[in-house]
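Hi there,

Here is the structure I promised to send you. Have a look at it first, and then read my notes below.

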Amino acid sequence: MTEFNHPLTPDVIQSLQAQLHARPDYRMITNAVAKNGIKQAAYNAQVPAKLNRTFSIELPTGKVANQKKSGRCWLFSILNTLRHQFAAQYHFKDFELSESYLFFWDKLERANIFYDRMIALANQPVHDREVSYYLDNPGSDGGQWAMAAALIEKYGVVPRETFPETANTENTAALEQLLNRTLRSDALKLRNLIQQQASDEQLNQAKTAALATVYRMAAESLGEPPAQFDFEYRDDQHQYQLDQGLTPIQFYQKYFSNDLDQYVVLSNDPSKPMQQKFALPSQNNVVGGREIEFINLPMSKLKQAAIKQLQAGISVWFGNDVLQQSDRQAGLLDRDLYQEAQLFGLEPQLTKAERFSMHDAEVSHAMTLTGVDLQKGQPVKWKVENSWGDQVGVKGYFVMADNWMDEFTYEVVVKRDYLDATDQLVLEQPAQTLLPWDQLA
């Protein structure tokens, strides 16, 4: 193969300029884009008209939550699915669980598993790709459904009033930056101890001291989680309710019928084999807790299972790339919302499978499906509960075109009962382990 090492010469640049100026629409596009920006110049005004907010299946829900300036969508979304069922059973529509409570325990658990990984990889150079991956953002806010489920199973849940938001949960940047630096510093100390052939006892002492620092930082930034609390509220019929002396685990077991073991994560990554089970152990956050596993299925299977769950009155956690083709303020999600390719005369864009292969696909957000509009048995649009407060969309709710779900939804979490017999057999297969930096991570 001929070596490619060609500089940009004046002749090449003149050729590029000539091709640009030869386009008859060059000046018009330049004016539109320069004046309005790419998104507004490419905005498809036909989309809003087809995304009305009437749904043939729609769950009763209350006010939306607000994650504010944090990456805790994965916690908000799973707690939304819990509170929807609580609201229906106990007639308390606007009840909210504490995202901060699970966020606290995630910081400690994530530090613990990070230290274990650094000890296990201590003999690898710091520029090793796996070591670098773990060092990149060890105090991250982001997460997966199974990570949230692992925290709930171990620590239970509490009402929002019992463990409220703080300045550091509503804007996590400073805490995340400080935790990252602290965790990396601790990792260096642990690596040095191993290279100095320290004993297991010395390693355990160093790790315990590091965890004590993380616990103190989390407690002083977020508050310390309660061991017991009283659950006191007035329901939608204005009836006073009081339940005293509950632990978080007792509260979860008493008031929430969700058996998280009955839920499975379905993914749609067309670059991977279908009808296959995968695992992402690099993303696990609780040592000895729930493993991150999912089965890869055609998008039609994800939608079919989600519809069945909505028909049963249960909302659906789903992972997606909300940064694509999204009008945040209007609360619209449609594959054709911004026609940038047409605006710039580009070749057809990457397929979903190609986006995964070429690192263009990303699970950037988690939201909750609370409705779907079926026409002749097929979905045309979906109702989405977001966690960005009630000042976006319509009181915080988005409407998602079915074509957007096809392209930019990558995971849904459903009860295994809503899978057909063939797909349930896939759950029994051994999982293929994915690399830490997989696009589904």
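**What I found**

Leaving aside residues up to four places away in sequence, Asp 261 touches Glu 153, Arg 290 and Arg 416. Please keep in mind that this is a predicted model. You will find Asp 261 in the loop between α12 (248–255) and β4 (263–267). With one of those partners the link is polar: the side chains of Asp 261 and Arg 290 are joined by a polar contact of 2.9 Å. Asp 261 has a relative accessible area of 47%, so it counts as partly exposed.

Next, look at helix α11, which covers residues 200–222. Its 23 residues reach 32 Å from the first C-alpha to the last, close to the 33 Å expected at 1.5 Å a residue. The buried residues of α11 include Leu 203, Lys 207, Ala 210, Leu 211 and Val 214. An α-helix has 3.6 residues a turn, so residues three or four places apart point the same way. Which helices do the buried residues of α11 pack against? They pack against α6 (99–120), α9 (167–170) and α10 (173–195). Just after α11 comes Gly 223, with a positive phi of about 100°.

Last, the surface: Leu 8, Val 12, Ile 13 and Leu 16 make a nonpolar patch of about 360 Å². Leu 16 belongs to helix α1 (residues 10–21), and it counts as partly exposed because its relative accessibility is 49%.

Happy exploring!

Methods:
Residues are numbered from 1 along each chain as its sequence is written. This is a predicted model: local features need pLDDT of at least 70, side-chain atom pairs count only at pLDDT 80 or more; totals for chains, interfaces and linings use all residues. Side-chain values use heavy atoms; hydrogens and water are left out. Patches are made of residues with over 30% relative accessible area and no salt bridge: like charges are joined within 9 Å, nonpolar side chains (Val, Leu, Ile, Met, Phe, Trp, Tyr) within 5 Å. Accessible areas come from the Shrake-Rupley method with a 1.4 Å probe; for residues, only the protein chains shown count as cover. A salt bridge is a side-chain nitrogen of Lys or Arg within 4 Å of a carboxyl oxygen of Asp or Glu. Helices (H or I, at least four residues) and strands (E, at least two) are DSSP runs, numbered from the N terminus. Buried means under 20% relative accessible area, exposed over 50%, partly exposed in between (1.4 Å probe, protein chains only). The expected span of a helix is 1.5 Å times one less than its number of residues. Contact means heavy atoms within 4.5 Å. A polar contact is a pair of N or O atoms within 3.5 Å; within protein, one must be able to donate a hydrogen and the other to accept it, and residues adjacent in sequence count only if both atoms are side-chain atoms.
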